[in-house]
Every structure is written in C-alpha cells, then in structure tokens.
Amino acid sequence: MKFFSSITLVTLSSISLLANDTANLTDVMQKGSASTKLLMQTLGKNMKMHMKQGGAMEALDFCSQEAYNLTEAVNKKLPEGVSVKRVSLLTRNPVNTPSEDEKKVLQHLQELQENNESLPKRIVEKMDAHTYKFYKPLVIDNEACLKCHGDVQNEKLKAEILNRYPEDKAMGYKMGDIRGAVVTTVKK
C-alpha cells in the first residue's frame, strides 16, 4: 500500500509541476507578445512618420537618435521583471548585439531560413528557474526597410549610414530575409 501511495504522491507532484510550468509559459507568452507588440508599434509608428516626412534620411536620423530612447521608454511601461529589446546577428547599432544565448537562437533561425524551412512565430526559452526569454523573429516584410537595409543605392544615404555606424553590417537584405528578433526577458 505504501508503494501505491508513493506513486500517487509522485504523480500528483508531477502534475502540479506541469501545471505550474504551463501557467508560467502562458504568462511568459502573454507578456512576450504584449511587450513585442508595444515595442514594434512604438518604433513602427515613429519610423513611418519620419519616412513620410523626409524619406530614408530622416528615418536614419530617427533611428540613430531616438530608437534606443524609445525602446527604453517602452521598457519603463512594462511590468516589473519584464524587458524588451531588438537583437541581430548583423547589427547596425552595437547596442543590438545579442548575448551568447540569443546568438544561438538567431543562428538557429538563420539556419531554418537557409534550409527553406518555416520560421516559428515565437520561441520561448527557459534560462533558469526564474527567467524566460520570448523571441519574436523579425523578417524584412516591408519595402521601406530596404531603403536603409537593402542594396542601398543612394550614395549620400549610404555614406551617412557608414558615418553614423562605422561597424555597420546591416545592409544587403532582401524581402523575406530574417533581420533579427525582438527578445522579451521575463523574470519571475
């Protein structure tokens, strides 16, 4: 009888752990989706406005002077323990350099694309008992992105990009290329 009690206890403990993991995962997915959406809407709205007002050169001004500040402003609006950022293997701004674990995820996404496999809509990675990372792949899906990230033909714009970002690696993209990811870190 003790044997069956032990099995029952282990089974109930396992079910409890699974339920806890499922609740954590659901919470991470909700916070990751909401944080990603807020960041992309904030940056996208501003980028669109600047592109409309003054074309790619004004959009470059916005990116180089305000994108980081707007990302920080978004982070201040997020719940405690939640932060969001953009990362890329081919950075323009060094602040978007991925950590080693983020780099592995980006490399995996790149491999999927190179093998013509579908990209996941999101990836959730458990870092430790209290920390998760939610990844939303960023794909070049708008022709406007290619004005600064594609085969930049405007020599004045290209020179200004290289002037502001001497280590730039973020040109030469085509429609459908993976640009990087939005990463939301959730600490519980």
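A salt bridge is here a side-chain nitrogen of Lys or Arg within 4 Å of a carboxyl oxygen of Asp or Glu, and the legends below apply that rule to a predicted model.

**View 1. D27 takes part in salt bridges with K31 and with K188.**
The side chains of D27 and K31 meet with an N to O distance of 3.2 Å; both residues belong to helix α1, where they are four residues apart, or about one turn of the helix. K31 is partly exposed, its relative accessible area being 25%. D27 also forms a salt bridge with K188, and in this pair the closest N and O atoms are 2.4 Å apart. This second pair links distant parts of the chain, since D27 lies in helix α1 and K188 in the segment after β4, 161 residues apart. K188, with a relative accessibility of 40%, counts as partly exposed. By the rule stated at the outset, the count of salt bridges comes to nine.

**View 2. K133 and E102 form a salt bridge between a strand and a helix.**
The closest N and O atoms of K133 and E102 are 3.0 Å apart. The pair links distant parts of the chain, with K133 in strand β3 and E102 in helix α2 (residues 100–114), 31 residues apart. Buried means under 20% relative accessible area, so K133, at 10% relative accessibility, counts as buried, and E102, with a relative accessible area of 0%, is buried as well. These two residues also belong to a network of salt bridges that links K85, D101, E102 and K133.

**View 3. Four strands form an open sheet with antiparallel pairing.**
The order of the strands in the sheet is β1-β4-β3-β2, and β1 and β2 (123–128) are the edge strands, each of which pairs on one side only. Neighbouring strands are turned against each other by 20 degrees on average, when direction is ignored. β2 and β3 run antiparallel and are joined by five bridges, among them the one in which D128 has T131 of β3 as its partner. A hairpin of two residues connects β2 to β3.

**View 4. Strand β4 pairs with β1 and with β3.**
β1 and β4 pair in the antiparallel sense over six bridges, whereas nine bridges join β3 to β4, again in an antiparallel arrangement. V183 of β4 is the bridge partner of K85, and V183 also has Y135 standing opposite to it. Elsewhere along β4, I178 stands opposite V139. The strand is mostly covered, with nine of the ten residues of β4 buried. K85, the partner of V183, is also a member of the salt-bridge network that includes D101, E102 and K133.

**View 5. The largest nonpolar core has 15 residues.**
The residues with the most contacts inside this core are V28, L39, L43, V84 and V182. At least two residues of the core are supplied by each of α1 (2–77), β1 (82–87), β3 (131–139) and β4 (178–187), and the largest share, seven residues, comes from α1. Leaving aside residues up to four places away in sequence, L43 touches F62, A67, L70, T71 and R86.

**View 6. The chain contains four helices and four strands.**
From the N terminus on, the elements run α-β-α-β-β-α-α-β. The chain has 188 residues, of which 35% are buried, and it exposes about 11,700 Å², with carbon and sulfur atoms supplying 55% of that area. Among the contacts in the chain with a separation of 6 or more, 67% are between residues 24 or more positions apart.

Notes. Residues numbered from 1 in each chain as written. Predicted model: local features only at pLDDT ≥ 70, side-chain atom pairs only at ≥ 80, totals over all residues. Heavy atoms only, no water. Core = buried A, V, L, I, M, F, W, Y, C linked by side-chain atoms within 4.5 Å. Buried < 20%, exposed > 50% of the residue type's maximum accessible area, 1.4 Å probe, protein only. Contact = heavy atoms within 4.5 Å. Pairing = 2+ DSSP bridges. Areas by Shrake-Rupley, 256 points an atom, 1.4 Å probe, with all protein chains shown as cover. Axes fitted to C-alpha atoms, helices over the stretch in contact; angles between N-to-C directions.
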